[in-house]
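Work through the exercises below with the structure open. Each one has a task sentence and a stepwise solution.

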Amino acid sequence: MIPAASEAAAPVADRLRITEIFLSLQGEARDAGWPTVFVRLTGCPLRCQYCDTAYAFHGGEWHDIDAILAEVASHGVRHVCVTGGEPLAQKRCIGLLRRLCDAGYTVSLETSGALDIGEVDPRVSRVLDIKTPGSAEVHRNHWANIALLTPHDQVKFVICSRADYEWARGIVHEHALAARCEVWFSPSKSEVDPGALADWIVADRLPVRFQLQLHKLLWNDEPGR
Ligand code: SF4
């Protein structure tokens, strides 16, 4: 973990509130399996009922972007994932993403789908959640984001029930999501049987990719892994 920045270390405009920076294996989506440095920003305006990172809602420490880049570099891998919480809730996340891209990393951003992604550097692969009714936050979806998606981006649904699956299937068709970018469906842990979800996708020939989160299988979602 990097040391907290002192008050005088950097202009306030260059600082972000960080919960943790750590090296692990990317557990989901297109970069699954790559050794990856995770930069977890503090804070999230949502409260999904299945949230597994509530420890990132509060606390954290201020760090300047130069210190964050130095910590990322110390891990010696090329994949970086900026996550949260909801990283875009801190406006300076946009500058951090740009600096990471400029430094030559393969950068992904995990975002709730509730905030505008329009200012994110196009070199970043945006992994955009679409919140289902079962999340308890479906009303937070910022639907205008869908028009901004490119093949470099990804959309992720966490499915909590058969009803959630049917809702998500409708959204995939309504917005022709599979023609825009890769689409991932994963089961909400202990709410949907993974085999059942896989069967539903196959039966419907749905143009989406099923995934199980590797970090949950490997380490049961311990913080910092
Ligand atoms: S958007 Fe992510 S971090 Fe925020 S409450 Fe939902 S699952 Fe948790």
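**Exercise 1.** Which residues surround the ligand, and how do they divide by type?

Solution. Step 1: the ligand has around it Cys44, Leu46, Arg47, Cys48, Cys51, Thr53, Gly84, Gly85, Glu86 and Ser112, where near means a C-beta atom, placed from the backbone, within 6 Å. Step 2: this shell holds four nonpolar, four polar and two charged residues; Ala, Val, Leu, Ile, Met, Phe, Trp, Tyr, Cys and Pro count as nonpolar, Asp, Glu, Lys and Arg as charged, and the others, Gly among them, as polar.

The model is predicted, with local features needing pLDDT of at least 70 and side-chain atom pairs pLDDT 80 or more, while totals for chains, interfaces and linings use all residues. Residues are numbered from 1 along each chain as its sequence is written.

**Exercise 2.** Find where Cys44 lies, and decide whether Cys44 is buried or exposed.

Solution. Step 1: an unreviewed UniProt entry lists Cys44, Cys48 and Cys51 under "binding site"; such annotations may be inferred rather than shown by experiment. Step 2: Cys44 sits in the loop between strand 2 and strand 3 (strands are DSSP E runs of at least two residues, numbered from the N terminus). Step 3: Cys44 has 21 C-beta neighbours inside 10 Å, so Cys44 is buried (buried: 20 or more; exposed: 12 or fewer; partly exposed: in between).

**Exercise 3.** Treat Cys48 and Cys51 likewise.

Solution. Step 1: Cys48 is buried, with 22 other C-beta atoms within 10 Å. Step 2: Cys51 has 16 such neighbours and therefore counts as partly exposed.

Methods
Helix = DSSP H or I, 4+ residues; strand = E, 2+ residues; numbered from the N terminus.
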